[in-house]
Each structure stands twice: as structure tokens, then as C-alpha cells.
Amino acid sequence: MSFLDYFKSKKNNRSASVAKERLQIIVAHERGQRDQPDYLPELQKELLAVIRKYVQISDDQVQVEVDRNDSCSVLELNVTLPEH
Amino acid sequence: MARIIVVTSGKGGVGKTTTSASISTGLAKRGHKTVVIDFDVGLRNLDLIMNCERRVVYDFVNVIQGEATLNQALIRDKRVDTLYILPASQTREKEALTKDGVEKVINELSDRFDYIVCDSPAGIEHGALMALYYADEAVVVTNPEVSSVRDSDRILGILQSKSRRAEMGQDPVKEHLLLSRYNPDRVEKGEMLSVADVEEILAIPLLGVIPESQVVLNASNQGVPVILEEDSDAGQAYDDAVARLLGEEREHRFMTSQKKGFFSRMFKGG
């Protein structure tokens, strides 16, 4: 048993690199959300409702982000309109 | 003015209380007047790890609510005479720790001690927020494992936005990474995140690496802070961490596996 393990462990079980990759992605994502103001999800919902009065778009076609600089914050609104 | 150090992690069971006991004992052993406070109201355990569970009469909440004086509640350590323990209440609600109440106690301790070590409960709820609120420095205890690393990053975000220093716009809380339960053999096999991996993800300075060791359980069984097991790898690793906390330069140890020969690997299962 342990004889075979000695050779097997060289190839398999490189799970640490998978862990690192998954962590880097989730941590980056959560850091992005952490800095956003609390009102943002509500703002996004209302903006979506207003735009839908005129154009039919889905939830993921509107992106709202706040970029904070030293002196001011910028609200960035990205709307992807459907093709005509 | 005392320096206030919170020992925190987000995730439970990673070694916060073990670390609080060892760091406070290490600071006191070097002659610094130190008090360690258990913030885990309802799940008191620091007293057991410090072997003073039978000497608890009054607790942190009693002092906040004016039912006892600080002197009545503080327990003097029997091994290191510059060390005191302020136990958590076992019966009250967590909300008994009010911001004003905690501040009052910390201010009073601050006049008498050089270091105040705050042992945080797990989670990111009220008790954990109170433990980190007044901190000058934070020791973030992390295991090389995905959920612990993620939770540590979360607690770092909270330190950067919800601590008193953040709210007042003062210099940020000084952050330290303490990687515990580290197994160099498994790291070399590619089965465990390495020190470098965790440092890269969390991006905070490394205070120390505590190797996974049977000594830690043996010490807690007996109510001895593991730093007092001076011949053990874990004890020495904690001593190094305390020295670094005080600004000393020490090389990191216990990060590579003790090489076993081909035959011992074969017959003991590697």
C-alpha cells in the first residue's frame, strides 16, 4: 500500500494549486464588492426598471460600479443595448 | 498607553485562543505588563487554555455593568507574574458588550498595562466587532485551507472599514498574518497551500508560521500556553512570532519538512 503511494503521490493530489486559483478568483471578486456603497444593489434595480420602460434588456446588461479616487467618486453605468 | 492587539480570524477553530494565550504569555515573559481579554461571551475558553478556570469569580460583563471592579475580575497568572486574564461571561448575551462599556474597561486597563491582547470570538458578529474595534494591531490567524483564507480576507476588510482607527480616519490597524497548523510535508506534496500562496492572496506581512504539532493539543489538555513548551517546534515558533511583534528580526523556521529517508517513507506510509 505505502509502496504504491510513494509513486502515486508524485503525480496526483496537486490540489493546492487548485485551491490557490479558486481563492484568488473569489477573493478578488469579494474585494470588489466590499468597497461598494450599500445603496448600490437598490440603485441598480431602479435604474433597470427605468431603462426597461424604453428598451427590453436583461439583468446582466446593466452594470453599476463606483470608483473611488482620492478627491471624488465616479458612478459608472454601463448599459448594453440589444441589437436592432 | 497600552498597545491593543486583537487576535482574530473570522473562521472558528483555527487557533485564536491558543494564539492569544501564547502571545500574551510571551509578551509578559519579556517583562511587559500584559492583560488578555476573552471576548467570547457565552463560550468562554481562554480560562481553560490558561488553566485558571477554577479561579473565575467575576468577568468582563460584570465589570462593564458595574457589578464588580476591574481588580476583582482580573486573574493573575500563576506562572508569569506580569500577566493577567480578564475572563468572558459564560451566561450573558453577547450584546452585553457595549461599545461604551468596552471602551471604559479598555481605557482603565490602558493606564495599567503595556499590552492588551483581545481574544476574538469566531464570526463577524457583534462580539468579533467589539474585539477588533479598539485595536492598534491585528494578528490574523489563518490555516492553509480555502475557507480559512477566505474568511481571513473578509476580516481584513472589516478591520479596514469598521475599526475605530478606520472610522476616525487614523493610521490603519497594523495587520499581521499568523499561519497555523502548517504541514510542510503536505505542502511539498502539493496538497496544502504554501506560506507563499497565502501571503500572495492575503497580501499582509507574515508574523509567523506555527507548524501542525501534537504538542499544541497536549499543552491545551494541561492548561499550559504552548509557548511555555520551550523545547517544542510550535512553542519556539510562537516565541519567534512574539519577538517579531516587538520589532525583532528573526528568520522563519519550521517551514520545510524534516526529510525522511526513502525507507522510512516506504514503511511508514510517507
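Visitor: How do I read accessibility here: is B:Gly13 buried or exposed?

Guide: Buried means under 20% relative accessible area, exposed over 50%, and partly exposed in between (1.4 Å probe, protein chains only). With 58%, B:Gly13 is exposed, whereas B:Gly15 has 17% and counts as buried. Keep in mind that this is a predicted model, where local features need pLDDT of at least 70, side-chain atom pairs count only at pLDDT 80 or more, and totals for chains, interfaces and linings use all residues. Residues are numbered from 1 along each chain as its sequence is written, chains are lettered from A and ligands numbered from 1 in written order, and side-chain values use heavy atoms, without hydrogens or water.

Visitor: Where in chain B does B:Gly13 lie?

Guide: Helices (H or I, at least four residues) and strands (E, at least two) are DSSP runs, numbered from the N terminus. B:Gly13 lies in the loop between strand S1 (3–8) and helix H1 (16–29), and B:Gly15 is found in the loop between S1 and H1 too.

Visitor: And which residues do they touch, sequence neighbours within four places aside?

Guide: Contact means heavy atoms within 4.5 Å. B:Gly13 is in contact with B:Asn143 and B:Arg181; B:Gly15 has B:Val141 and B:Tyr238.
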